[in-house]
Amino acid sequence: MKIKILHIFTTIFFLIIFFVFYKGLQNSNIYVPKTEIEKDIPLFSAQIFGTNNQINSEDIFNDSKFYLVNIWASWCVPCRAEHSFLLDLNNQKNLEIIGLNYKDKKENADKFLYKLNNPYTIIISDRDGTIAIEWGAFGVPESFLIYDKKIIKKITGPIDKDSFLNIKERIK
């Protein structure tokens, strides 16, 4: 009798555990960041790349103008892949590209830009990565399309043909 009750409770226990795990597997917890956002740009003060001069975000971004903030590093392989798209976007008259050099050595970044050309209007140095965190970046490369001092689109990962065409369409 005791053995039958033990088997019944063990079976019920395992059925409950199975049911809990089964339901848990049906709920996907994969995080997908939002790409269409409408939030104010973060306020910051940073060093201009290659100089000792400081610049504030208020001095960089103006109303009624499109900007693309691109977080990059010379050690970042996908940054090389997206660089040709940035050079093409640099030819757009109504877009300024702001570079945020992320945790990089100046010498390596200079070589990177010398070899691949510089698409940036201004480059900001982010040696410790805190500015990128304030922007909400997950890594490099990441880009933020800005209009009226608001982030209107976030591109996680390298700019590819689709995101390139999307940016061109938005800034018309």
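The side chains of Lys154 and Glu142 meet in a salt bridge, at 3.6 Å from N to O; a salt bridge here is a side-chain nitrogen of Lys or Arg within 4 Å of a carboxyl oxygen of Asp or Glu. Lys154 lies in strand β8 and Glu142 in strand β7, so the pair ties together parts that are 12 residues apart in sequence. The model is predicted: local features need pLDDT of at least 70 and side-chain atom pairs count only at pLDDT 80 or more, whereas totals for chains, interfaces and linings use all residues. Residues are numbered from 1 along each chain as its sequence is written, and side-chain values use heavy atoms, with hydrogens and water left out.

**Salt bridges**

- By the rule above, the count comes to 5 salt bridges.
- Lys154 is buried, with a relative accessible area of 7%, and Glu142 is buried as well, at 1%; buried means under 20% relative accessible area, exposed over 50%, and partly exposed in between (1.4 Å probe, protein chains only).
- Asp40 forms a salt bridge with Lys150, the closest N and O atoms being 2.5 Å apart. This pair links distant parts of the chain, with Asp40 in strand β1 and Lys150 in strand β8, 110 residues apart.
- Asp40 counts as partly exposed at 49% relative accessibility, and Lys150 is partly exposed at 28%.
- Glu169 and Lys172 also join their side chains in a salt bridge (3.5 Å, N to O), and both of these residues are exposed.

- Helices (H or I, at least four residues) and strands (E, at least two) are DSSP runs, numbered from the N terminus.
- In strand β8 (residues 150-156), 5 of the 7 residues are buried, so the strand is largely enclosed by the rest of the structure.
- Strand β7 (residues 142-147) runs antiparallel to β8 and is joined to it by 6 bridges; two strands pair if DSSP finds at least two bridges between them.
- Glu142 has Thr156 of β8 as its bridge partner.
- β7 and β8 form a hairpin with 2 residues between them, and Asp148 in the turn has a positive phi of about 55°.
- β8 also pairs with strand β1 (residues 39-40), in the antiparallel sense and over 2 bridges. In this pairing Asp40 stands opposite Lys150.

**Strand β6 and the crossover**

- β6 (122-126) is mostly covered, with 5 of its 5 residues buried.
- Ile122, Ile124 and Asp126 point one way from β6, while Ile123 and Ser125 point the other way. In a regular strand the side chains alternate between the two faces of the sheet.
- Strand β2 (residues 45-48) pairs with β6 in the antiparallel sense over 2 bridges, and Gln47 stands opposite Ser125.
- β5 pairs with β6 in the parallel sense over 5 bridges, and Gly99 has Ile123 as its bridge partner in β6.
- The chain crosses from β5 through α4 to β6 in a right-handed β-α-β crossover; right-handed means that, with the strands pointing away from the viewer, the path from the first strand over the helix to the second runs clockwise.

- In helix α4 (residues 106-116), Ala109, Phe112 and Leu113 are buried. Seen down the axis of α4, the buried residues fall within an arc of 90°, so they line one face of the helix; the arc is that of the directions from the helix axis to the C-beta atoms.
- On the other side of α4, Glu107, Lys111, Tyr114 and Lys115 are exposed.
- The buried residues of α4 pack against β4 (66-72), α3, β5 (95-102) and β6; contact means heavy atoms within 4.5 Å.
- Asn117, which follows α4, has a positive phi near 85°.
- In helix α6 (residues 161-170), Ser163, Phe164 and Ile167 are buried. Seen down the axis of α6, its buried residues fall within an arc of 105°, so they line one face of the helix.
- Lys161, Asp162 and Glu169 are exposed on the other side of α6.
- The elements covering the buried residues of α6 include β4, α3, β5, β7 and β8.

- Glu82 lies in helix α3 (residues 77-89). Glu82 is buried yet has no salt bridge, and the nearest side chain of opposite charge, Arg80, is 11 Å away; Lys and Arg count as positive and Asp and Glu as negative, while His and the chain ends are not counted.
- Trp135 is placed in helix α5 (residues 130-135) and counts as buried at 2% relative accessibility.
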